[in-house]
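Grab a pencil and work through these exercises with the structure open beside you. Try each task before you read its solution.

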Amino acid sequence: MSNIGNLPAPSPEQGLNRYMQEIRKFPMLEPEEEYMLAKRWVEEEDTEAAHKMVTSHLRLAAKIAMGYRGYGLPTAEVISEANVGLMQAVKKFDPEKGFRLATYAMWWIRASIQEYVLRSWSMVKLGTTSAQKKLFFNLRKAKNRIGALEDGDLRPENVARIANDLNVTEDEVISMNRRMSGGDASLNAVISADGEGATQWQDWLEDEDADQAGDYAEKDELETRREMLADAMSVLNDREKDILMQRRLSEKTVTLEDLSGQYDVSRERIRQIEVRAFEKLQKRMRELAKEKGLLANA
């Protein structure tokens, strides 16, 4: 959908404040207008109609993207990935199904962002178990739900409750929280002030209540990606799999020196095997994502 027209693009140079101001200028769509625009796109490939559907939901994409802030990834890039998912959603949206575009688009936006996270997992070091992935993608939501808004380490009672809710160990909660705490920006941060009072980040974002369809889609998508990862690991031989697991997918990273001793090869050889295995895994993950329709621009 590269021909739908120019969209505002977040960038470090531009600043998120200005980007949020720009996307707020686009009006929200009434149900009837959204339906007619979607029909024009489906039946006539009217790019102007598609452009209106995309721009009217940029605030939703930004809101979802901001939920992934603090994962060690550039916020502007996360928002850009969210917008790619939104465009994919508009491309595939069927107005006859009875859902609003926002409900349908949430799945595609999250899928696009999470694909970006998985491509960047050498930075965030996702675990391999479904429980660890669930913790990674749901820790912030769990903290907000119980009002655990304190900076730094969580209080013991909050650690215990989150661990119980997400079915992970308390050590995993503490470790993940520490990894995700750096550089976080609060939605309550004041970004401007005028005669009517201070404006916060959250004031720029569309308030979309969670719905069962969206929650179900998110859970189903995460399970799909867990299965994809297990499938993708099959392209590696035993040595590649073991080295990658110990170097990138373990809570405690094993050194090149230790692995060179285990396999009786040089440290450089271990590094080469690690890089090659990671590239093979990334390639297979992208292939699977395309097959399942999860990868934007597939």
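**Exercise 1. A loop residue**

In which loop does E45 lie, and what is its phi?

Step 1. E45 sits in the loop between α2 and α3. Helices (H or I, at least four residues) and strands (E, at least two) are DSSP runs, numbered from the N terminus.

Step 2. A quick word on the model: it is a predicted one, where local features need pLDDT of at least 70, side-chain atom pairs count only at pLDDT 80 or more, and totals for chains, interfaces and linings use all residues. Residues are numbered from 1 along each chain as its sequence is written, and side-chain values use heavy atoms, with hydrogens and water left out.

Step 3. Now the backbone: phi of E45 is near 50 degrees, which is positive, and E45 is not a glycine. Most residues other than glycine have a negative phi.

Step 4. Is E45 buried or exposed? With a relative accessible area of 60%, E45 is exposed. The cut-offs are under 20% relative accessible area for buried, over 50% for exposed, and partly exposed in between (1.4 Å probe, protein chains only).

**Exercise 2. Another loop residue**

Find where D264 is, then look up its phi and its accessibility.

Step 1. Look in the loop between α13 and α14, and there you'll find D264.

Step 2. D264 isn't a glycine, yet its phi is positive, at about 55 degrees.

Step 3. Its relative accessibility is 69%, so D264 counts as exposed.

**Exercise 3. How α2 meets α3**

Describe how the axes of α2 and α3 cross, and list the residues that make the contact.

Step 1. The axes of α2 and helix α3 (residues 47-55) come within 8 Å, crossing at roughly 135 degrees. Axes are lines fitted to C-alpha atoms, for helices over the stretch in contact, and angles run from 0 to 180 degrees between N-to-C directions.

Step 2. α2 and α3 are therefore oblique to each other. Angles under 35 degrees count as roughly parallel, over 145 as roughly antiparallel, 65 to 115 as roughly perpendicular, and the rest as oblique.

Step 3. On the α2 side, the contact (heavy atoms within 4.5 Å) is made by E34, L37, A38, R40 and W41, and on the α3 side by T47, E48, A49, A50, K52 and M53.

Step 4. Sort the residues of this contact by class and you get six nonpolar, one polar and four charged. Here Ala, Val, Leu, Ile, Met, Phe, Trp, Tyr, Cys and Pro count as nonpolar, Asp, Glu, Lys and Arg as charged, and the others, Gly among them, as polar.

**Exercise 4. Salt bridges**

How many salt bridges does the structure hold, and which residue does E34 pair with?

Step 1. There are 13 salt bridges in the structure. Each is a side-chain nitrogen of Lys or Arg within 4 Å of a carboxyl oxygen of Asp or Glu.

Step 2. E34 pairs with R100, and their closest N and O atoms are 3.0 Å apart. E34 is in helix α2 (residues 31-44) and R100 in the loop between α5 (75-92) and α6 (101-119), so this pair ties together parts that are 66 residues apart in sequence.

Step 3. Check the accessibility of both partners: E34 is buried at 3%, while R100 is partly exposed at 34%.

Step 4. R40 forms a salt bridge too, with D46, at 2.8 Å between the closest N and O atoms. R40 is partly exposed at 27%, and D46 is buried at 18%.

Step 5. There's also a network of salt bridges, linking K39, E43 and E96.

**Exercise 5. α13 and α14**

Step 1. L256, E257, L259, S260 and Y263 of α13 meet R267, I270, R271 and E274 of α14. By class, this contact has four nonpolar, one polar and four charged residues.

Step 2. The side chains of E257 and R267 form a salt bridge, 3.4 Å from N to O. E257 belongs to helix α13 (residues 256-263) and R267 to helix α14 (residues 267-291), so the pair ties together parts that are 10 residues apart in sequence.
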